[in-house]
Each structure stands twice: as structure tokens, then as C-alpha cells.
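Here's a friendly walk through one structure, meant for someone seeing it for the first time. Have a look at the picture, then read on.

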Amino acid sequence: MTVAGATRFVVPESHRVTARRRLAALVMGVLLGAATLLAASLLVVIIGYVVVRGLPALNLAFFTDRPRPFGVEGGGVAPAILGSLEMGAIAALIAVPIGLGAAIFASEYRAGRWAGAVRFCAELIAGLPSVAVGVFVWAFLVRSVIGSYAGVAGALALAVIMIPIVARTVEEVLRLVPSGLREAGLALGAPRWRVILMIVLPTARAGIVTAVVLAVARAAGETAPLMLTALGNVFFNFDPLRPMAALPLQIYQYAVSPYDDWHAKAWGSSLVLVAAIAVLAVSLRLVTRSRSR
Amino acid sequence: MITLRRPEAGPAVPAEPTPHGRRANAIRVEHLDAYYGTHRAIGGVTFDVAAGTVTAIIGPSGCGKSTLVRCINRMHEVTPGAYARGSVFVGDVDVYSPYADPVAVRSIVGMVFQKPNPFPMMSVYENVAAGPRLRGWRLSRREMDDLVERNLLRAALWDEVKDKLHRSGAALSGGQQQRLCIARALATGPSVLLMDEPCSALDPIATYRIEELMRELSREVTIVIVTHNMQQASRVSEFTAFLLAGEDGVGRLVEFGTTEELFTTPKDERTEAYITGRFG
Amino acid sequence: MTSRADRVFAWSVGALALLVPLTLLGIALLLLVDAWPSVARYGLSFLVTTEWDPVKLVFGAGGYVFGTLVTTAIAILLAAPVAIGASVFLVEYAPRLVRGPLAFLIEVLAYIPSIVYGLWGFFVLVPFMRTTVEPALQGTLGGVPLLGALFSGPVVGLDLLTGGLVLAIMILPIILAIAREVVSAVPSAQREGMLALGATRWETVSRAVLPYARAGIVGAAVLGVARAFGETMAVTMVVGNSSTDISPSLFTPGYTLASAIANQFTEADSELYFSAIVEIALVLLLVAIVVNAAARVLIRRTGAAREGMIL
């Protein structure tokens, strides 16, 4: 048998790759690629609309002024931006200790079954329809305790939505802290709580901060629960016990209105919301990535 | 000439052993270079593997011995960024011919990996039948049953699994899983079986059974085994290739010869240093 | 030696963590209490009768259940194949250079608030459906027996079909992101085992990767179903909200369970009316818990690296 110079490629027929198999591979490759292209382009289209229609609406008054009465052009959505920030901040005050506690519990005290149960419950809360959370907070606070729609009720609804996000994201961040650091601390004779507070949390600080801010941003995009709790407001209001405006509510109210100027402001508000979330998501990724390397 | 019977011809015996002339080359590797991106993992490797023998590839970690066997059936290039230069012939099939189809190359060469990797969603039976089914061989139920049984017998696994053919392949012990992978690789009747440290994840008893199996199988298929275990190489192989990475990180073939010679009277002092345990 | 301080710290962390299950329990209990008048009065028939009349004080959520099932089914049927196909492409086919950025882009898109999808649906998709897609569907398939019934009636754009479509676009990145994690978690030994048998890339995917990842992929799709089922704003803005009739036409301007709450919550002026709406929320809650629990179990089984990822 000669080997030298053999450039033909001959394989016994039983082991050749049939044309049908080749065609199937090609067709499926193309189909899978097309699915990716479809997914990516759909999402590009949506972002594109938000940017193109939202940008023209942005000006100084958009960020500083309050909404005008029906049919009057101009004005801005400042109360909604401030309301979203204030409710986000109050929600963070409620959700961060709980979420952080759950994360430390799950990551540092891997107490087996209990840690798993807490994590599972967090996932279930994350999966709740946000409108059901709104109904709960309405029944819990708005109906009797406060007696009216209020910013703090909106904040509580957002807090319920934030808790699982903080808990799970921070847990991921804490897991990126090398266990060698913990062991080094324990080996120095430091008690466990000091190791967690002085070594683990500071090491993961940047990640924790970004996770919290991202959770605020994610919750700040919620609309349905706020409709049932904060209600909305066209005036500046910083009193958490009274109805409060929020960006998503403003988007909804403007979108279903009959005025072009308000439609433009709805797109503008969407752009602000999406941009904030995108920036925070990117920074969270940069933080977790640099840590994991 | 590698002989692979078509299942349509006569009784469906695609895996029937083929007598090889002892002197014929089953594999020829010529000036083979393999790269991962810009890093050259092996360089200028040339050797022949005689048909119907067991050839061991030994060398310290990182010398490129796994890369070398993966080049023989073009599995090397599956790693993103990896490619190879040079030529390899399996029988008279030019593996790196510009016309070559890597998928077809892999279907005439069997391979067994470091960790047993039976398909867990397939039964023992389906694992063995996977290769023939991929190729679309039109076998009757009976013929397929025969083929599965015969190859499980060849892999010395039949007696242990004949009552659980339809359980998941992942339910077997580690050693059984590895023998199932051998049966799976044999089922399409390859002339060459590549084994990449097949025993490194197994206990000594399972290792012993696989070594025994290799000696039996070598009458029917040509086996190339990568091992970091020199005792294993000396126990199972007739020929041994010693690979060593130079200071540039490129693995090169230092010595190739009969296993007996290489382990008793090595020609190269680096070989001697390695087999006497002075490094690696 | 565990010090006292250590124990105090551990207990306080544990107490904070305990608030998580307590929150879940609190929500479920309070909704149950408030829904009780309606639960006691209608029992299971609440879910199947379709008369919803606040004036006569008769409440049956069957129409809303129907609308939810139809929109969710449309969403998952459209989104799951595309999302799963794209996730396979990203892991198994795409060059490394585009894989990371593309996957990240899609993950960010999973974060976009549903109100933005609603806004886009309302101003872009609804007119497009009304002027182009729905007339075309009616023109081509409208005459086909049986199938035609799906596309009968006046074309308004605000209907179950558009609602399902917006939901599909919304859950697409969610299913994609999780399915991608699941497919990435398939050990490369499985791929190599199949490739070494002489499989083409598609055969490797279809015979080794997908079977191995099956449970997790189903889990990803189930999570998408859960999201579509409870989604409120995006659907509310495009689904029509005017008919509780059960009609075969996808062009019916219907309600979903969630959009019924959003539209009517502030109008509930009697105890029974309110209680009926809370019962809808309770139904959403229970379904969400069951479906999410199932999905998590499925995803966890495949050992995806970030099985707990929250989207």
C-alpha cells in the first residue's frame, strides 16, 4: 500500500458522511444562527426606538420641571425622577439589611438545609408577579395603617422586589471572595464575625454596592405595584406618607394620554430608565469580572 | 489498507476483526506541529505505528502527549484556536489532506477519553449503538442487538451489563463506564483506537481489567495509548514514544522504539533520566 | 471556641435571613384572608365562569384565565424555540469573540422594565399589527376551515395576539440567558465523546448536548411561562381589556388575570368586588410559586453554574 503522495481522501463508504447528514448540519446551523439574529435584532429594534424617540424629548426642563396640566406643552418629569429616587432609597433601607443578611447567611454560614431554604424562598419571591406584591402592600399598609396611597407603601413594594435580587447577587459576589482570605483571618485568631465584617465584606465592597444599586434600578422599573401603592403625583412631593410620582407610572400615564408631547415624554422617561439600568448592569459585570480573575 | 466492512454486505459484521500484516503501518505521523493559538504545543513529531500493536506515548505533564493523539483523529482542532500542521495517515487515509473531512476521519478512528464519558441520557445499549446510528447504518433490530452484544463482549463488559442493557450508562461503576466507552468506540469497527490516559480516573482493579482488555484487543485494532504511568506503558505496549517539552515549551519526540529497548537500554540520556525518575 | 459575639452575629444574620421566608408567608396569608369572601362564595367555579359584573355583584374570572392562558401560550410558543436556538448557537457555534458581548447584551435586555416593552408595543407593534400583520393573517389563513376562526373578527391591533407577541419579546431574553447558562454547563467531555464518534456539529448538539441539558432547558422555558403568566404592564397596554368572552379569535380584545387587576383595582368599591380582585392576585401568586419551584428544581438538576440567577 502506498502512502506517499496520497492527497485523495478516501474513506470506506460505510463511514462516509452522507449528504443528508451534511445537509442537516448545514440547515440546522443556519436556523440556529437565524434564531440568534432574530433575537438580537428584535432587541436592537426596541432599544433603537427608545433611543431615537426618547432623545428629542430630553432637555433641561425635562429633568427640572414638573408636569403641566392636560393639553399644555412643555414641563418635565422631575417629580417622577425624584419620586423614583426617594422610593428607591427607602426601599433600599428596608431591603438591603434583609438581603445582605440572607446573603451572608447563605454564603458564609453554609448551614446546609437552612441556607438552601432561604435561597429557595428568595427565588420564589423573585418569581412573584409584581402586581400581586402591589395588592399585598395595599392591603398591608395603604388600606389601614396609612389610610391613603403613599410613597412609603410604594417603597415597601419595591423593597419586596429588591430583597431577592440583593440576596442572590450579593451571595454570588461573596462567593468570589477567595476562601484563603477567610482562612487567613481565622488562622490569625479573629472570630468569625470579625472576619466577615472586616475582611469578607470590605473585599467584596464594590460588588455589593453595585449589586444594591442594580437592585434599586431593577425595582425602580416596576410599574404595576406602584399603581396600587404610590399612585403617582404631578406635584413635587417628598412626604413619604402622601401619594408620590415615579418614572414608570409617569410613562404609563403619558403613554395612554392623547397628547403627542406627552408620548414623547414617555419615550424620554423610558430612555432615562433604560440608560440607568444599562450603566449599572455594565458596572456590575466589570466588578464581578475583575474579581473573578 | 484499512478494512471496514459495509453492514449491507453479507451478515452485518462491521466490527469483525481484520487480520493485519504485522509490518503494515496503521498510522504514520510526519512532521506534525500542533498549535494552541500562537503557542506551539508539539513540533516536528514523526513516527509510525505498526498495525495490530499497542503503542504507548509517555512523557511528563505538559509535553503534548494528549495533543499528539488528539491530532491523529483531528480532535485537537475542536479546541477553539487550535490547529495542526504536517501530515498524518491512518491506513491510506490522508487525515490532513485539504479534501479531508474531520467528521469522516473521526468516524474511522475510535477514541477513549481520560474520564469515562458515557452519554447519561442514553442506555447502555444506546451508548454502544450511538456510532452505527449516527452513520445511518440500516440494521434490523436483530442485527443491532448482535452488534451491541458483540462489542460489549469485546469490551469484556457483557456479563456485567447484559441484565441492565436498558439502564442509563451513567449508572455503571467508573471502570464499567470506561469499558462501555471502549465498546462504544469499537462498535463502528475502527482500525485504530486512541486512548487518552484511559485509566487515570480509575482504581487499580479497574485499571488492571482495562490493561488486560487492551492486550486482547490489540489483535484486532491498533491501539495508541497516552499514559503518565510508566509501569502501565511497560505492561501493555510493544512500542513506546517518549515526548518531552523543550525550554521553548514545545513538545518533541525524543525517542521511539520497542518498549523493551526504551525501558532497558534507552539511547537518549533524557529518556534515561525520565524513566529512572530523575524528572517529570 | 465560639465566642458569644460570634453567636450573636450568627443569630442576627439568621434572623434577617428568616425575614425572607416570612415575607413570602406573609404575602400568601394576607392575600388569602382578603380573598376569602370571594373564595368562600364561588369556590373553584370562580376560575371557570365568565360573568364578571361589578354592578350585579357577580364575579367569575374564567375570561381572564382564558386570556392569560392564550397570551402565555402564544408567548412561549414563539419565544422558546428562538431563545433556545439562539442559546445553542451562542454556546456551540458562535466565535469566542462575539459570544461574550452578545450574551451580555441579551442579559442586559432581560433587565429592561416591562413598561418599556409595553410602551413599544403600544406605539409601534399595535399599529403594525393593525395595518399589516393582522389583515395579512386574515387574508391568507382567514378562509381556512377551523384555523380561520383564530383570525376572525374586526382587526384592531389591541388584542390577545398582540399581547402574546409582546410577552414573547419580553421573555425571550430571559429564557435565552438561562438556557445559555444551562447549555454552557454541559461538560465538554460529552461533546468530545460524540464528536469522536464521528458526529457533525449538529449531531453533537442534538444527540449529546441537548439531551444532557434537557431538564435545564425545560426549566428555562418554564421560568419564561411563569414570567409571562404574571406579567402586568406590558400586556395591559396592548391586550385590549374590553371583553371577557371566550372566543376562538386571537383578535379578541381580551383581559389577562394581571391586566384585570391593574385595570380594576382602584375601581373596586364593594367588599366582594375587592375580594374577587384579590383572589385573582392569589391565583397568580400560587401559580407563580408552583411554576417557579418546578423550574428551579429542573434548572438545578443540570448543575448550571448560576442556577439561582435572578432575572
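Which residue forms a salt bridge with E92(C), and how far apart are the closest N and O atoms? The partner is R191(C), and those atoms are 2.8 Å apart. A salt bridge here is a side-chain nitrogen of Lys or Arg within 4 Å of a carboxyl oxygen of Asp or Glu. E92(C) sits in helix α2 (residues 62–93) of chain C and R191(C) in helix α6 (residues 188–196) of chain C, so the pair ties together parts that are 99 residues apart in sequence. Helices are DSSP runs (H or I, at least four residues), numbered from the N terminus. Both E92(C) and R191(C) are buried, with buried meaning under 20% relative accessible area, exposed over 50%, and partly exposed in between (1.4 Å probe, protein chains only).

Before going further, a word on the ground rules. This is a predicted model, where local features need pLDDT of at least 70 and side-chain atom pairs count only at pLDDT 80 or more, while totals for chains, interfaces and linings use all residues. Residues are numbered from 1 along each chain as its sequence is written, chains are lettered from A and ligands numbered from 1 in the order in which they are written, and side-chain values use heavy atoms, with hydrogens and water left out.

Over all chains, the whole structure holds 30 salt bridges. Here are a few of them:

| Pair | N to O distance |
|---|---|
| E203(C) and R21(A) | 2.7 Å |
| E123(A) and R296(C) | 3.9 Å |
| D268(B) and R270(B) | 3.2 Å |

Take E123(A) and R296(C), whose side chains meet in a salt bridge. E123(A) lies in helix α4 (residues 113–127) of chain A and R296(C) in helix α10 (residues 271–301) of chain C, so this pair joins two chains. Both residues, E123(A) and R296(C), are buried. They also belong to a network of salt bridges that links R119(A), E123(A), R168(A), E171(A), R175(A), R296(C) and R300(C).

Over in chain B, is D268(B) buried or exposed? With a relative accessible area of 19%, D268(B) is buried.

**Where chains A and C meet**

Chain A puts 80 residues into the contact and chain C puts in 78 residues, contact meaning heavy atoms within 4.5 Å. Between them they bury about 7100 Å², 82% of it on carbon and sulfur atoms. Buried area is the accessible area (1.4 Å probe) that two parts lose on being put together, summed over both. On the chain A side, L32(A), L43(A) and I46(A) lose the most area to chain C, together 8% of what that side buries. Four salt bridges run between chain A and chain C. Helix α1 (residues 19–54) of chain A supplies 19 residues, the largest share of the side of chain A that touches chain C.

**A kinked helix, and a buried arginine**

Helix α3 (residues 78–108) of chain A has 31 residues and reaches 42 Å from its first C-alpha to its last, close to the 45 Å expected (1.5 Å times one less than its number of residues). A kink of about 35° lies at A95(A), shortly before the proline P97(A); the bend is the angle between axes fitted to the seven residues ending there and the seven starting there.

Finally, R70(B) is found in helix α1 (residues 65–72) of chain B. It counts as buried, at 9% relative accessibility. Leaving out residues up to four places away in sequence, R70(B) touches several residues, including D196(B) and E192(C).
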